[in-house]
Amino acid sequence: MSPLWIGTSWKMTKTLAEGRVWAEGLRDHLASEHGGQAPSGVQPFVIPSFTATTAVRGVLGEDSPVLLGVQNAHWEDEGAWTGEVSVPQARDAGAQVVEIGHSERREHFGETVKTTRLKVAAALRHGLTPLLCIGESAEVKDAGGSSAFILEQAAGALEGLSAEELARVVIAYEPIWAIGEKGRPATVEELVEPFAALGEQYSGRVMGLLYGGSVNLDNAAELLGIEHVAGLFVGRTAWKLEGYLELLRIAEAHAAS
């Protein structure tokens, strides 16, 4: 059975000192409670801001069971792209995962289906795991178009991949209406249909299908029980180390059940 992915993106939060403290706490917890390994049946991952990437890698160590990611990367390997970071540079900083296509990137920075496709290809080309984020607006949901919309987003980003390449991709379904400070937690009933559609298309073909959107300690276990959900991509609840550690415990218990 594949492990349950439990991860968090820090977005634009945490100083270097704060990032180190969080990472030290996670490292020490895994050392004392799990012999330095990941909890049984769980794949932890953390995506700090770019400035904290090397610091977090330094704390966790090269052999850490915790995968380290970046929140974005350019599709070109190098060149005159002021302000951008390439996948080779992200890998050089210690990253193993590249988050691609988050709705905030699409809304505020012009991310398109085409650029997500280019970035997925770049991540795979350099041996990193693409974490493709997809999700629909409240307007699309209310019109009954959620499944068609997210399948189109995913298909556009993954177009042309071989079966072997697709097997190295992780997809995170993050409905826009459920994420962020103003998002509301989705009910299980609202998620069954989108995950059924994603599962029919991608279950067994990608590394995992994750859910993200107002995940908290009260609903995490229930969300993990939805068919085809293979993990959680968490925001604010996991920004405090205690919250993240509790999510790992919930996932471990679920994996053992």
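The structure holds 8 salt bridges, a salt bridge being a side-chain nitrogen of Lys or Arg within 4 Å of a carboxyl oxygen of Asp or Glu. This is a predicted model, in which local features need pLDDT of at least 70, side-chain atom pairs count only at pLDDT 80 or more, and totals for chains, interfaces and linings use all residues. Residues are numbered from 1 along each chain as its sequence is written, and side-chain values use heavy atoms, with hydrogens and water left out.

**Salt bridges**

- Arg 27 pairs with Asp 28 in a salt bridge whose closest N and O atoms are 3.0 Å apart.
- Arg 27 counts as partly exposed at 33% relative accessibility, and Asp 28 is also partly exposed, at 41% (buried means under 20% relative accessible area, exposed over 50%, partly exposed in between, with a 1.4 Å probe and protein chains only).
- Lys 119 forms a salt bridge with Glu 111, with 2.9 Å between the closest N and O atoms, and both of these residues are buried.
- Glu 190 and Lys 141 form another salt bridge, their closest N and O atoms lying 3.1 Å apart.
- That pair links distant parts of the chain, 49 residues apart: Glu 190 sits in helix 9 (residues 188-202) and Lys 141 in helix 6 (residues 138-142). Helices (H or I, at least four residues) and strands (E, at least two) are DSSP runs, numbered from the N terminus.
- Lys 141 is partly exposed, at 22% relative accessibility, and a network of salt bridges links Lys 141, Arg 184 and Glu 190.

**Helix 5 against helix 7**

- The axes of helix 5 (residues 113-125) and helix 7 (residues 146-158) come within 7 Å and cross at roughly 50°; axes are lines fitted to C-alpha atoms, for helices over the stretch in contact, and angles run from 0 to 180 degrees between N-to-C directions.
- Helix 5 is therefore oblique to helix 7 (under 35 degrees is roughly parallel, over 145 roughly antiparallel, 65 to 115 roughly perpendicular, and the rest oblique).
- Val 113, Thr 116, Arg 117 and Val 120 of helix 5 meet Gly 156, Ala 157 and Leu 158 of helix 7, where contact means heavy atoms within 4.5 Å.

**Helix 2**

- Helix 2 (residues 53-60) is mostly covered, with 6 of its 8 residues buried: Thr 53, Ala 55, Val 56, Arg 57, Val 59 and Leu 60.
- Their cover includes helix 1 (16-34), strand 2 (42-47) and strand 3 (67-70).
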